[in-house]
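Subject: Structure handover

Hello,

Here is the structure I promised to pass on. Please open it alongside this message.

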Amino acid sequence: MVHQGCVYGSEEEFLATALPFIENGLASGEPVLAATTRANIALLRDALGPRSDLLSCVESISFGFRPPERLIALDHYWREQVSLTDSRWIRVLAEPIWEGRSKREIAAWTYMESSFTVLFAHTNLWMVCPYDSRLMPHQIIADSMRTHPELVQGEQVRASHAYVHPTAFIQQRMASPGPSLPADPMGGRFTAADLVSVRDQAKSYAHRLSLPRSRALDLVFAVNEIASNVVLHSSGTGSVWFWTEEEELICEVTDDAHRSNALNPFAGRPPALNERGRGLWLVRQLCDRVHIGSVEGRTVVRIHLRIHD
Amino acid sequence: MGGGNIAPQSESDSRFRVTSVRIPQGVAFSGECDLSSLREVEDALSAALESEQDVHVDLSGLLFIDAGGLRLLGTTADRLPRSRYLVLYYPPPQVHRMLSLARVDADPNVIVRGAALRG
């Protein structure tokens with residue numbers, strides 16, 4: 001995968017980077033998708049003229065609004081195109097959605113931007129992510145340089161000096177404490193015999209927070225999967241806690257085992273074409289954030305779900 | 001998004017069951033399919049594979065299926081020759097959602113019948 005950030009401050013700057021990226025792809029017969037704002041799509045269509053028929057366009061907002069939806073959209077596009085063509089690259093201009101986002105949504109999306117580089121490392125996706133500096137706060141622009149290994153301006157590509165490897169990036173973010181201590185936590189210890197109660201607890205907690213039904217079921221699936229991993233692949237016992245931070249429900253599963261080979265922080269990547277996804281890949285497709293880390297030698301998996309849309 | 005919240009269910013409602021279905025000949029899965037039911041699911045699907053026909057599975061009573069259960073459905077489809085199908089009937093919305101995310105429904109040997117729209 002190639003994952004490049006692009007900061008632009010005008011229509012001209014947007015086109016100077018986006019157009020060559022798209023035109024070079026089209027000239028090589030590669031699939032190209034532009035997921036960007038309505039205004040930018042109009043600019044691209046105008047500049048490409050009749051060739052714009054070859055470009056697939058979608059408004060950013062319809063190409064995955066929540067982080068897991070963006071992950072699914074990208075994975076689907078990649079899978080669909082790979083089955084249709086054997087071209088070297090599958091190009092996606094993928095403008096993130098920042099406007100109207102809360103602090104937590106921004107954190108979740110930034111986290112995903114960083115994770116993309118590792119999650120899709122095995123694919124032939126070439127993704128350029130445009131950031132509009134006229135609209136974005138400074139912190140978002142600064143983070144784009146931490147989450148993208150390369151920056152592109154016009155046709156000039158340079159390594160991002162501020163780039164932080166995703167492993168380090170997510171650890172930094174996990175280490176920083178939330179704004180408040182967990183409020184009203186619920187949970188406890190579990191063993192292999194307790195998966196039904198773990199799911200029941202997830203349902204009760206979702207009920208307490210009035211989570212929409214489908215989101216509650218996503219939580220149930222995710223926590224069951226993470227707890228099942230502990231039962232199946234590790235010590236067989238652990239603990240699960242649910243709590244709320246601002247508008248997010250957090251669920252944390254800690255494995256009792258001290259393991260020298262802790263779970264990879266990027267476990268649950270999109271499966272290769274001839275493989276079937278594992279449980280954690282499904283979990284990633286449901287949660288706004290999936291954080292796999294270790295605390296005092298124990299594997300901790302923490303998931304974040306938005307309580308309401 | 002559909003209204004209503006999920007209320008905790010009592011264990012007896014959710015116990016996993018496999019029952020046989022006559023017409024078309026197949027099996028029905030109901031309750032919650034998790035780690036503890038995988039063996040039963042695997043046995044039922046393997047037995048169904050041995051017949052020379054399509055594998056019919058009624059999912060209308062399935063309240064929950066985990067990744068392991070989804071994987072067994074996928075591997076069952078993999079083991080079918082091109083001329084035979086795994087036909088999944090009436091998956092409830094959340095089960096159907098997981099069938100899609102796990103790409104079980106994208107398998108050329110899988111047919112999903114009577115899928116409800118996501119609630």
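Predicted model: local features only at pLDDT ≥ 70, side-chain atom pairs only at ≥ 80, totals over all residues.

**Chain A overall**

Chain A holds nine helices and twelve strands. The C-alpha trace spans about 60 × 40 × 35 Å along its principal axes.

**The sheet in chain A**

Seven strands of chain A make an open sheet with mixed pairing. The order is β3-β2-β4-β5-β1-β6-β7. On average, neighbouring strands are turned by 20° against each other, direction ignored.

Look at β1 (residues 2-8) and β6 (residues 150-153) of chain A. They pair in the parallel sense, over two bridges. Gly5(A) is found opposite Leu151(A) in β6(A).

Two helices deserve a look here. Helix α1 (residues 11-27) of chain A lies across β1, β2 (32-36), β4 (90-94), β5 (125-132) and β6 of chain A. It runs at about 160° to β4(A). Helix α3 (residues 67-84) of chain A also packs on the sheet, where it touches β2, β4 and β5 of chain A. The direction of α3 makes about 155° with that of β4(A).

**A helix pair in chain A**

Helices α4 (residues 103-119) and α5 (residues 138-147) of chain A pack with their axes 9 Å apart, at an angle of about 25°. That angle makes α4(A) roughly parallel to α5(A). Their crossing is right-handed. From α4(A), the contact involves Ile106(A), Thr110(A), Glu113(A) and Ser114(A). From α5(A), Ile140(A), Asp143(A) and Thr147(A) meet them. By class, the contact residues are two nonpolar, three polar and two charged.

**Chain B**

Chain B has an open sheet of five strands, in the order β1-β2-β3-β4-β5. Pairing is mixed here as well. The edge strands are β1 (17-21) and β5 (110-113) of chain B, and each pairs on one side only. Neighbours in this sheet are turned by 25° against each other on average, direction ignored.

Strands β3 (residues 55-65) and β4 (residues 86-89) of chain B pair in the parallel sense over four bridges. In that pair, His56(B) stands opposite Val87(B) in β4(B). Helix α2 (residues 38-50) of chain B lies across β1, β2 (26-33) and β3 of chain B. Helix α2(B) runs at about 165° to β2(B).

Best wishes

Key. Residues numbered from 1 in each chain as written. Chains lettered and ligands numbered in written order. Axes fitted to C-alpha atoms, helices over the stretch in contact; angles between N-to-C directions. Parallel < 35°, antiparallel > 145°, perpendicular 65-115°, else oblique. Left-handed = near helix turned anticlockwise from the far one by under 90°. Contact = placed C-beta atoms within 7 Å. Nonpolar A, V, L, I, M, F, W, Y, C, P; charged D, E, K, R; others polar. Pairing = 2+ DSSP bridges.
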